[in-house]
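Hi everyone, thanks for coming. Please bring up the model on your screens, and we'll walk through a few residues together.

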Amino acid sequence: MTAQTVQTVQTALGLADAVAEQLADPGRVSLSAAHRQHLAHGLPGIALLHVERAAAGLGPWQRAHDWLEAASREPLTSGPDSHPFYGAPAFAHALACAADHLPGSYRRALDTLDRRTAADASRRVDAAHRRIDTGRLPALAEFDTVRGLTGYGAHLLRRAPDSCVLRAVLDYCVRLTRPITHDGETLPGWWTPTGPSGRPDERFPGGHANNGMAHGIGGVLALLAVAARHGTFVAGHDEAVGRILAWLDHWQEDTGRGPVWPYWVTRVELRTDCLSPSTPRRPSWCYGTAGLARARQLAALALGDTRRRLDAENALVAALTDPTQLNATTDNTLCHGFAGLAHIAARVADDAHPSTAGQLRAVIPSLLAAVHPPGADPARTAAALIQDEERGPGLLDGAAGIALALLSTGAAEPPRTAWDACLLVA
């Protein structure tokens with residue numbers, strides 16, 4: 001490591017420490033009532049930062065406990081109004097990350113949460129099959145990572161890997177990848193009649209096929225791949241992975257610097273088999289090359305496909321060294337900013353061929369410097385991140401997520417906890 005690289009890494013770790021210190025007391029952090037139970041924006045996501053630091057020996061477990069206690073102080077939403085990133089399932093993820101390192105702790109609470117989450121997932125699977133049986137198109141929230149069955153599958157894979165309900169979720173994911181005929185047209189099974197927001201959108205007449213990790217088929221691919229790597233298969237598993245990969249192969253574009261994938265495909269694009277011209281897009285976790293490169297790498301590892309694995313890894317290298325794509329990245333968040341790119345680069349590098357692993361690790365310092373330049377005051381930057389009214393202190397868009405990404409990336413080793421399992425990047 002060069003002296004400049006060492007300084008960049010130390011600066012990034014300093015910012016992670018400063019964020020954790022300024023988020024030490026849940027009583028001093030202001031959150032809206034709507035966000036308190038939210039993994040992306042609220043208490044459970046911030047708790048993950050303190051759980052990870054405690055597991056790494058960088059902070060006291062009492063802080064983690066304080067945040068978990070604050071998150072559970074009011075009744076947790078469960079049933080139809082909850083989802084993997086909100087209510088009981090969201091809190092279950094944070095609590096499980098702590099319990100993994102504190103054997104015997106939180107057992108009763110986790111057992112209750114696991115039963116609720118499994119019951120919710122089972123009801124959703126049944127409803128999804130009824131929807132398919134009647135020939136209707138799915139809502140994004142039926143299957144996506146943040147609100148849908150892919151997110152439930154990620155949790156069940158950790159908490160109940162041998163359960164019937166996990167297999168039911170995976171069976172559903174396989175069925176989702178099969179084509180569906182709607183209004184006389186053959187569409188991908190995950191085609192949704194709305195826009196990417198999940199609401200009707202005049203810019204998307206006839207709906208769209210979402211490719212993202214957060215809200216599209218990228219997340220389904222990652223779940224099926226991670227399950228396969230854990231040795232959990234259902235009938236049609238490999239074929240479903242193959243259908244998603246074939247779809248992404250078909251819509252792959254070459255920028256001259258490397259391959260990219262559209263965030264979504266519209267009905268007009270599907271009918272004409274041609275993507276509309278678009279401006280360069282950021283290569284984020286939620287949408288774009290970074291998240292899809294990781295999903296494709298995980299799928300290639302599950303299938304034992306060395307060529308596809310190298311293609312996925314090289315696609316990420318290209319994205320992270322392409323000034324045009326990097327210039328489209330305009331913030332530092334975990335979801336769609338430089339911190340998230342650094343974290344994905346590290347996760348991909350951990351599983352990569354030595355040739356691409358070295359290239360990915362070489363680019364991480366520049367991503368860290370984009371988040372927090374060497375010489376900047378970590379306390380001041382941390383305060384600005386936490387007080388940002390638009391993004392706040394949370395996991396996906398805020399300070400806690402940035403700190404978690406910097407912590408794992410700067411330490412040059414995988415996270416001690418499974419905090420990023422909810423993102424399906426590990």
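One term before we start: when I say contact, I mean heavy atoms within 4.5 Å. What you have open is a predicted model, where local features need pLDDT of at least 70, side-chain atom pairs count only at pLDDT 80 or more, and totals for chains, interfaces and linings use all residues. Residues are numbered from 1 along each chain as its sequence is written, and side-chain values use heavy atoms, with hydrogens and water left out.

Let's begin with H336. You'll find H336 in the loop between α14 (323-327) and α15 (338-350); helices here are DSSP runs of H or I with at least four residues, strands are runs of E with at least two, and both are numbered from the N terminus. Which residues touch H336, leaving aside its neighbours within four places in sequence? They are R282, S284, C286, T329, D331 and D397. With D331, the side chain of H336 also forms a polar contact of 3.3 Å. By polar contact I mean a pair of N or O atoms within 3.5 Å; within protein, one must be able to donate a hydrogen and the other to accept it, and residues adjacent in sequence count only if both atoms are side-chain atoms.

Is H336 buried or exposed? H336 is buried, because its relative accessible area is 15%. The cut-offs are under 20% for buried, over 50% for exposed, and partly exposed in between, using a 1.4 Å probe and protein chains only.

D420 has a relative accessible area of 1%, so it counts as buried. Its side chain makes a polar contact of 2.7 Å with the side chain of H343. Beyond four places in sequence, the contacts of D420 include R347, P415 and V425.

Now over to C173, which sits in helix α8 (residues 164-176). C173 is buried, because its relative accessibility is 0%. Leaving aside neighbours within four places, C173 is in contact with V220, L223 and L224. From C173 to H237 there are 64 residues in sequence, and 8.7 Å in space from C-alpha to C-alpha.

Finally, two residues with a positive phi. Y106 is not a glycine, yet its phi is near 65°. Y106 belongs to the loop between α4 (88-99) and α5 (107-133), and it counts as partly exposed because its relative accessibility is 23%. D183, also not a glycine, has a phi of about 50°. Look for D183 in the loop between β1 (180-182) and β2 (185-187). At 69% relative accessibility, D183 is exposed.
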